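Subject: A structure for you to look at

Hi there,

Here is the structure I promised to pass on. Please have a look at it first, and then read my notes below.

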Amino acid sequence: MRDFPNAVMLFAAGFGTRMGALTANTPKPLVKVAGKALIDHTLDLARKVDPATIVANTHYLSNQIERHLEGTSVVVSNETPNILETGGGLRQALPLLDSNPVFTSNTDAIWHGPNPFQVALDAWYPDVMDALLVCVPPGSALGHKGQGDFTLAENGLLKRGPGVIYGGVQILRTDGLFDIEQAAFSLNRLWDRILANGRLFGVSYSGKWCDVGSPEGIILAENLLSETDV
């Protein structure tokens with residue numbers, strides 16, 4: 001088992017229903033923020049940690065994403081006929097990723113500040129962690145509705161409850177995926193098992209973060225990107 005991630009999984013298969021008409025004919029990862037597709041914002045960050053492999057899963061309007069990624073080194077894991085959610089999608093892509101642990105990342109957020117992949121890598125202690133989630137304090141999160149996903153202890157341990165927001169980037173050991181029988185399932189299933197074993201950790205993000213899950217989020221993200229560096 002390799003103790004440090006050498007591959008990145010990008011989640012790009014969802015329907016983007018909160019985007020309304022913007023995703024009627026365009027998959028959400030190709031929606032543009034400041035003139036650049038959302039997935040390209042994430043790719044720019046992922047490439048800076050020099051992974052050996054980057055995989056993107058696709059389902060909704062997958063042909064558009066595949067064309068967009070032509071000529072890059074990104075490998076596509078197409079989910080047909082059914083979407084597999086984050087857990088099932090990651091499990092299907094494991095032979096392509098060839099890494100354990102792996103980075104995973106959503107593709108519908110904008111980060112302004114330190115590279116979240118590097119933040120995770122710097123805080124990763126494989127002897128005690130099975131998952132390390134980059135989390136955002138509520139005061140640094142734009143476009144997010146809700147009370148947060150986890151409480152973050154001083155020693156980094158995560159528990160369910162209102163508090164910090166999961167920003168969508170993590171390092172994750174994947175062994176437990178094979179113990180889940182369903183084909184399609186959320187990574188929340190695996191997190192709950194890791195939490196029960198006391199090996200679910202978080203690291204607080206020091207910059208700002210914007211959820212681009214709705215049209216309003218695009219405006220917030222573009223304003224954030226126009227700010228001077230933090």
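Let me start with Pro138, which sits in the loop between β8 (131-136) and β9 (141-142). Strands here are DSSP runs of E with at least two residues, helices are runs of H or I with at least four, and both are numbered from the N terminus. Leaving aside neighbours within four places in sequence, Pro138 is in contact (heavy atoms within 4.5 Å) with Gly163, Val164 and Ile165. From Pro138 to Phe103 it is 35 residues in sequence and 23 Å in space, C-alpha to C-alpha.

Before going on, a word on the source: this is a predicted model, where local features need pLDDT of at least 70 and side-chain atom pairs count only at pLDDT 80 or more, while totals for chains, interfaces and linings use all residues. Residues are numbered from 1 along each chain as its sequence is written, and side-chain values use heavy atoms, with hydrogens and water left out.

The whole chain

The protein chain has 6 helices and 14 strands. Its C-alpha atoms fill a box of roughly 45 × 40 × 30 Å along the principal axes. Of the 230 residues, 52% are buried, meaning under 20% relative accessible area with a 1.4 Å probe and protein chains only; exposed means over 50%, and partly exposed is in between. Among contacts between residues at least 6 apart in sequence, 73% join residues at least 24 apart.

The cores

A nonpolar core is a set of buried Ala, Val, Leu, Ile, Met, Phe, Trp, Tyr and Cys residues joined through side-chain atoms within 4.5 Å. The largest one has 35 residues, and Trp111, Phe117 and Leu132 have the most contacts inside it.

Helix α3

Helix α3 covers residues 85-97, and its end C-alpha atoms are 17 Å apart, which agrees with the 18 Å that its 13 residues should span at 1.5 Å a residue (1.5 Å times one less than the number of residues). Which residue marks the kink in α3? A kink of about 35 degrees lies at Arg91, shortly before Pro95; the bend is the angle between axes fitted to the seven residues ending there and the seven starting there. Buried residues of α3 include Gly87, Leu90 and Leu94, and their cover includes β1 (7-11), β4 (53-58) and β12 (165-172).

Is Thr58 buried or exposed? Thr58, in strand β4, is buried, with a relative accessible area of 0%. Glu216, in helix α6 (residues 215-225), is exposed at 53%.

Backbone details

Most residues other than glycine have a negative phi, and most peptide bonds are trans. The bond from Thr80 to Pro81 is cis, with omega near -5 degrees, and another cis bond joins Asn100 and Pro101, with omega about 15 degrees. Ala34 has a positive phi near 55 degrees, and Leu61 has one near 50 degrees.

Best wishes
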